[in-house]
Amino acid sequence: MTTRTLYLFGSAAPPVFDVAKVVEDAQRRGFEVCLGLTPTAARWLDESLDGLAALTGNPVRWEYKLPGEPDVWPKADVILVAPATFNTMNSWALGLTREFVVGVVAEGIGKRIPTVAMPCVNAAYVQHRQFERSVAELREMGVDVLYGEGGFVPNQPGSGKPKEYPWRLALDAAERAVSGPNSA
């Protein structure tokens with residue numbers, strides 16, 4: 001079987017602490033995994049970064065490379081952004097690419113890389129009108145946003161259940177995206 005490359009991008013939400021298990025699940029599904037994190041998520045996982053790099057066989061990235069530096073990751077076949085916070089979803093939809101992972105996924109739309117996103121936001125955040133606009137905008141640009149029925153359903157503030165985050169749904173969607181009729 002040909003190895004497919006999955007860019008797994010995580011934001012600073014509690015399910016990111018399970019990323020090693022997600023990497024292992026993705027590898028069992030035949031993916032080579034390149035892990036990218038927002039700066040805050042990288043800070044949260046600081047003590048695990050070397051182990052995550054060893055697990056994936058690729059450096060964990062959270063910053064843009066410098067001009068002239070080689071790209072150390074293989075080309076992505078599919079991108080999965082999960083957990084995607086309120087900030088990540090809105091920055092991405094608005095094209096605000098200060099953070100490495102947001103820059104890659106924004107460019108990925110133009111490169112037509114199949115992309116799946118699954119938010120992790122609470123019910124208070126989704127009351128802000130920009131969130132629904134961002135979800136709609138990303139969907140309009142071709143991103144498979146797993147939000148609502150069949151994806152992530154927000155919980156009340158302070159009542160999160162990170163162990164119940166539907167990672168399986170996200171990886172299933174990434175598999176479908178890369179195996180679909182428009183895949184490379």
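**Strand β4 and its neighbours.** Strand β3 (residues 78-84) and β4 (115-119) run parallel, joined by four bridges. Strands are DSSP runs of E, at least two residues long, and helices are runs of H or I, at least four long, numbered from the N terminus. Two strands pair if DSSP finds at least two bridges between them. This is a predicted model: local features need pLDDT of at least 70, side-chain atom pairs count only at pLDDT 80 or more, and totals for chains, interfaces and linings use all residues. Residues are numbered from 1 along each chain as its sequence is written, and side-chain values use heavy atoms, without hydrogens and water. Ile79 has Thr115 of β4 as its bridge partner. β4 also pairs with strand β5 (residues 144-145), in the parallel sense, over two bridges. There, Ala117 stands opposite Val145.

**The two faces of β4.** In a regular strand the side chains alternate between the two faces of the sheet. Thr115, Ala117 and Pro119 point one way from β4. Val116 and Met118 point the other way. All are buried (under 20% relative accessible area, with exposed over 50% and partly exposed in between; 1.4 Å probe, protein chains only).

**Asn122 in its loop.** Asn122 lies in the loop between β4 and α6 (129-140). Asn122 counts as buried because its relative accessibility is 18%. Its side chain reaches the backbone nitrogen of Ala124 at 2.9 Å. A polar atom of the Asn122 side chain also lies 3.0 Å from the backbone nitrogen of Tyr125. Not counting residues up to four places away in sequence, Asn122 touches Pro154, Asn155, Gln156 and Pro157 (heavy atoms within 4.5 Å).

Definitions and conventions: Polar contact = N/O pair within 3.5 Å; in protein donor to acceptor, adjacent residues only side chain to side chain.
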